[in-house]
Amino acid sequence: MNKKRILGAALALFTAMSMSAATYTFKIAKPIEDMKLQIHWCTSGEKSELEVQNGVAILSKNDFTAQYVRVYYGRAFAMNLYLEPDKDLTVDCNAEAREFNCTGAAATINNYLIKSPFAVLGFNATAKEEADFIKSSDSVYNANLALMKSANLPAYFVKKEEQRLLFKSYVMFPLYKSYHTYIKKLEDYTPTALYMNKLKELAVMDGNFLGYAEYGDFIMNAVSCQAFQGGDRAKELMAFMDANVKDAKVKSYITNAYAYDVVSRSGLDGKDELIAYFRKNVTDRKLVEKFDAICKQWEGLKAGCPSPSFNAPDINGKMVSLESLKGKYVYIDVWATWCGPCRGELPYMTKLEEQYAGKDIHFVGLSCDSNKSAWEKRIQKGDIKGIQLCIGPNSDFMQKYLVKGIPRFILLDREGKIVNANAPRPSDPKTSQLFEQLLEK
């Protein structure tokens with residue numbers, strides 16, 4: 001009888017402990033109205049979205065394994081934390097003063113994560129020659145390891161942190177090839193075996209490492225560096241993955257990241273093989289649903305579909321709609337005054353307009369500037385031709401066209417139907433070739 005009572009008491013205690021949840025409290029100085037705090041769980045892939053009331057956001061949770069998380073509060077701040085289901089944590093956040101402090105049972109690890117002056121390698125370091133760049137990368141990792149060892153952290157955490165620091169410290173390493181080519185203004189550059197062997201050594205294909213936020217970016221860039229050889233990128237990536245990536249989790253992660261990015265930016269045209277590859281290698285229900293949703297949105301932007309419309313003011317306040325431009329082809333430039341690549345395309349756009357002056361085509365600039373006066377000042381200079389309109393940063397037109405980055409060019413036919421929802425840029429010779437083909441019809 002006593003044994004039964006003891007067993008019953010132990011079971012009750014275990015149940016109570018398993019039901020108790022750690023509490024994570026975020027105290028935010030000068031909170032932003034209607035801004036929610038987001039927690040991205042690196043191991044599980046979950047996302048928690050918390051309401052901020054009177055500057056405080058609270059989460060109680062016990063149904064998870066200890067793991068790194070990434071915390072975001074709009075553009076005010078982002079931070080790495082390590083949350084454990086049995087340890088409370090309070091984080092005081094003053095983004096304006098760049099002051100963050102943790103208290104509670106999980107404070108030691110998390111103050112280390114958010115306060116440590118981790119060594120980093122900047123963009124300009126890629127100008128170095130290979131041997132010096134590798135040496136600098138190694139020095140950054142060693143410095144971060146020394147910083148961690150001086151922090152008197154729990155042994156169970158140290159093992160995980162050593163691995164995270166590897167990917168954090170070498171984050172620039174797989175980008176060296178492309179950045180070095182750009183910064184040194186080289187026409188072509190092929191890394192030596194010294195660099196490539198080091199990259200292969202670092203790029204371990206292990207899905208367990210996806211529990212580190214830094215690993216995802218690192219391995220994606222490492223695979224891209226090795227796979228892309230100047231041909232069809234999608235085909236090169238798929239061939240490299242099939243030959244070199246055996247871990248199903250890593251293969252799924254890279255496939256999803258690449259396919260979703262490509263389709264969300266440039267649509268479905270010519271993507272059948274990539275989409276089939278996605279279907280074969282990505283089975284996570286949430287990822288599939290997200291990919292299906294973006295594909296469905298792009299279905300309405302295929303060639304021949306009616307274009308979403310716009311109705312926006314020109315520099316004089318006159319409203320101009322897409323419907324008023326029917327009867328001619330319409331070549332649209334979605335741009336902004338603050339966008340360097342957009343400004344870089346403007347001289348090429350001017351040349352196209354001069355080349356096709358009097359022809360059956362409208363050239364339309366749609367500015368997504370939030371600062372309308374900046375757009376007005378730029379247009380008033382008089383060197384930008386065509387029909388210039390301001391649609392602002394959150395227009396329905398941009399949302400329906402899934403504009404994720406600018407400049408973005410769109411080509412419509414005489415009836416306002418889509419010819420190409422992601423048309424080539426004015427600087428691309430293919431643009432004038434396309435115009436010639438269309439104007440012959």
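Q: What makes strand β5 and β6 a pair?
A: Two strands pair if DSSP finds at least two bridges between them. Strand β5 (residues 67–73) and β6 have seven, in the antiparallel sense, so they qualify as a pair. In β6, L83 is the bridge partner of Q67. Strands themselves are DSSP runs (E, at least two residues), as helices are (H or I, at least four), and both are numbered from the N terminus.

Q: What kind of model is this, and which pLDDT limits apply?
A: It is a predicted model, in which local features need pLDDT of at least 70 and side-chain atom pairs count only at pLDDT 80 or more, while totals for chains, interfaces and linings use all residues. Residues are numbered from 1 along each chain as its sequence is written, and side-chain values use heavy atoms, with hydrogens and water left out.

Q: Why are β3 and β6 said to stand at the edges of their sheet?
A: The sheet is open, has four strands in the order β3-β2-β5-β6, and is paired antiparallel. β3 (47–50) and β6 (77–83) each have a single partner strand, so one side of each lacks a neighbour in the sheet. The twist from one strand to the next averages 20 degrees.

Q: What makes α2 a helix that packs on this sheet?
A: α2 touches β5 and β6. Contact means heavy atoms within 4.5 Å. The direction of α2 makes about 150 degrees with that of β6. Such angles run from 0 to 180 degrees between N-to-C directions, on axes fitted to C-alpha atoms, for helices over the stretch in contact.

Q: Where else does α2 lie across strands?
A: Helix α2 (residues 107–115) lies across β7 and β8 as well as running at about 165 degrees to β8.

Q: Why is the pairing in the sheet that holds β7 and β8 called mixed?
A: This open sheet of four strands has the order β4-β1-β7-β8. Strands of a sheet pair through backbone hydrogen bonds, either parallel or antiparallel. Both senses occur here. Strand β1 (residues 22–28) and strand β7 (residues 89–94) run parallel, joined by five bridges. β7 and β8 run antiparallel, also with five bridges.

Q: Is N152 buried or exposed, and how do you know?
A: The cut-offs are under 20% relative accessible area for buried and over 50% for exposed, with partly exposed in between (1.4 Å probe, protein chains only). N152 has 68%, so it is exposed. Its phi is near 55 degrees, positive in a residue other than glycine. N152 sits in the loop between α3 (130–149) and α4 (155–169).

Q: What makes K185 count as exposed?
A: Its relative accessibility is 74%. K185 follows α5 and has a positive phi, near 55 degrees. The loop between α5 (176–183) and α6 (193–202) holds K185.

Q: How do you know where the buried residues of α5 lie around the helix?
A: Y176, H180 and T181 are buried in α5. Down the axis of α5, its buried residues fall within an arc of 125 degrees, so they line one face. The arc is that of the directions from the helix axis to the C-beta atoms. What covers these residues includes α3 and α6.

Q: Which values describe the packing of α9 and α10?
A: Helix α9 (residues 248–266) and helix α10 (residues 272–281) pack at about 145 degrees, with their axes 9 Å apart.
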